[in-house]
Amino acid sequence: MSALFASEEWQVLMDNLPTLPFATWESFYATILSTFLALVIGIPLGVLLVAGEQGGVLPLPRWLMQLLNVVINLLRSVPFLILMIFVIPLSQAIVGTSIGTVASIVPLVIASFPFVSRLVESSLREVDGGVIEAAQSMGATPMQIIAKVMIPESMPSLISNITIALTTILGYSAMAGIIGGGGLGQIAINYGYYRYKYLIMAVATALLVVMVQVFQSLGTWLATHCDKRLRR
Amino acid sequence: MIEIQHMTKRFATQSGTVVALRDISLSIRDRDIYGIIGMSGAGKSTLVRCINMLERPDEGTVVVNGREMNNLNAAELRAARREITMIFQQFNLLMQRTCLKNICFPMELAKVPKAEAVKRARELLELVGLPDKADAYPAQLSGGQKQRIAIARALATNPKVLLCDEATSALDPNTTHSILQLIRKINQELGITVVIITHQMSVVEEICNRVAILDEGTVVEEGEVQAIFSNPQSAAARRLVFPGGAARSEMLPGRRMVRVAFNGTQTTDKPLVASLAIECGALVSIVAADTRIVNGQTLGSMLLALPESREDAEKAMAYIRNYPGITCEEVEA
């Protein structure tokens, strides 16, 4: 035990301990902000994917739907590591720099909004077609069906899927540490990968694990508590 | 009131075009309870969806309240749909809304002020007999209660027509009975025209005044329920009217047939066929029977062959006519 406390590993951990709370905060806000922006883009796209198809509530031209699908699949198939490098000029243009937590939000949003739109799509598809037909039979407009039927009726599933997006984006944000993305990921990579200091890497990883647990528990709790189909 | 003329509806499937409805012409009068009956796949659901344009007919016209439904633009159609509401086999309630908010939903769509909508929704809950379920969610209700909420929701916009798409098919016989009573009450008290799609003969028997029999996309018979029941002409009508699809005159040549319907006769009452033999001395044969007992009441129908001698037959017929709790008609088998 005393050998551990005397080791260089321990020394590095102790030296960097004060930076961990801030790094945790950076990871947290990069994740929350990226998820929020990904939802802002992804939810309308997910709605279009369901409502816009032939036989949907708001049918769109076939070519437009095909284009939408191709773009989403394309963005989803680029590995995140490569995508980060691709969008460096874009980050520079938008936030003025390509390093740091704020800059990492640009690739995070671009990588996650197509994923979010697919998750939203799958949630909305769970809504019973009969309920949509009932709304149509009452004279609902397409926008009313989307806003008052499809989204509220799939809310529990949407919350579950948004939780999945949140934890996935947290994982991506740690990866952004490689290109100087800041946060816990950068600490883990800088010390663990470049300097072989595994103890601090383990501590940074443990903090990420705790964050995932908290997000997931919160999301599961919310999803079950807003679902009125469950008898309580 | 509802005038359907030469309506045809086709569906494109992978194995070619299917004609779901072929040259349908029907006229449904104000305040009718109009039954449309047929086996599954006969096109009933498509037909009812063509009335409110959830399905677009390929040919022919549908006129409701003097408005030609085919020619309405999107906004006009939405307005028209508030007067032609619909209930469904699977109820189709919004599962994440309370019953009260489900009933408010069509009024919300029509931009009725909230306070007014809530007031009307509470009145409707009273009308369908569930005033204590305002804050319950659909998942907490039984099937019959869900259908009552769906009926209340359908009445929210003061419709002139109520379309019922297999509205009782997912319910047990007892609940079916109570829902049909409610629909009759709505028809009589609010003067709403009702169109009922069903495959259950008992439903037509219980509340419809007119009926159309649909078979493979065409109307094979149409008219007063009593007339069709006593003298079904088409093969499809015979299948539906006669229990078990029976009734071949060649089975009992020369015998007169009478169809007896039990509309909730108490099972503790004296038995019909035995009483006929003992009290009337008439020996009738049961040609076919399809009856069931629900909560001590007999429902269903029976086909009896009257005695051969003219005199005995008359006597038996008179006896059956005066028998309590049943309706009967002589049929040409």
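**Entry 1**

I looked up strand S1 (residues 2-13) of chain B and its partner S2(B), and they pair in the antiparallel sense over nine bridges. Strands here are DSSP runs (E, at least two residues), and helices are DSSP runs too (H or I, at least four residues), numbered from the N terminus. Two strands pair if DSSP finds at least two bridges between them. I picked out one bridge: B:Ile4 has B:Leu26 in S2(B) as its partner.

A note on the source: this is a predicted model, where local features need pLDDT of at least 70, side-chain atom pairs count only at pLDDT 80 or more, and totals for chains, interfaces and linings use all residues. Residues are numbered from 1 along each chain as its sequence is written, while chains are lettered from A and ligands numbered from 1 in the order in which they are written.

Next I checked S1(B) against strand S4 (residues 59-64) of chain B, and found antiparallel pairing over five bridges. B:Gln5 has B:Thr61 in S4(B) as its bridge partner. S4(B) is also joined to S5(B) by two bridges, and the two run antiparallel. There B:Val63 is bridged to B:Glu68. S4(B) and S5(B) form a hairpin with two residues between them. In that turn, B:Asn65 has a positive phi of about 55°.

I then wrote down the whole order: S2-S1-S4-S5 of chain B, an open sheet of four strands with antiparallel pairing. Strand S2 (16-28) and strand S5 (67-68) of chain B each have a single partner strand, so one side of each has no neighbour in the sheet.

**Entry 2: the six-strand sheet**

I found an open sheet of six strands in chain B, in the order S6-S7-S8-S3-S9-S10, with mixed pairing. Its edge strands are S6 (84-88) and S10 (218-224) of chain B, each pairing on one side only. I looked for a parallel pair: strand S3 (residues 33-37) and strand S9 (residues 210-215) of chain B pair that way over four bridges. B:Tyr34 has B:Arg210 in S9(B) as its bridge partner.

**Entry 3: helix H3**

Is helix H3 of chain B largely enclosed or left open? Nine of the 11 residues of H3(B) (residues 99-109) are buried, so the rest of the structure largely encloses this helix. Buried means 20 or more other C-beta atoms within 10 Å of the residue's own, with C-beta atoms placed from the backbone. I listed some of the buried residues, including B:Cys99, B:Phe105 and B:Leu109. Just after H3(B), B:Lys111 takes a positive phi of about 60°.

Notes. A residue is buried if 20 or more other C-beta atoms lie within 10 Å of its own, exposed if 12 or fewer, and partly exposed in between; C-beta atoms are placed from the backbone.
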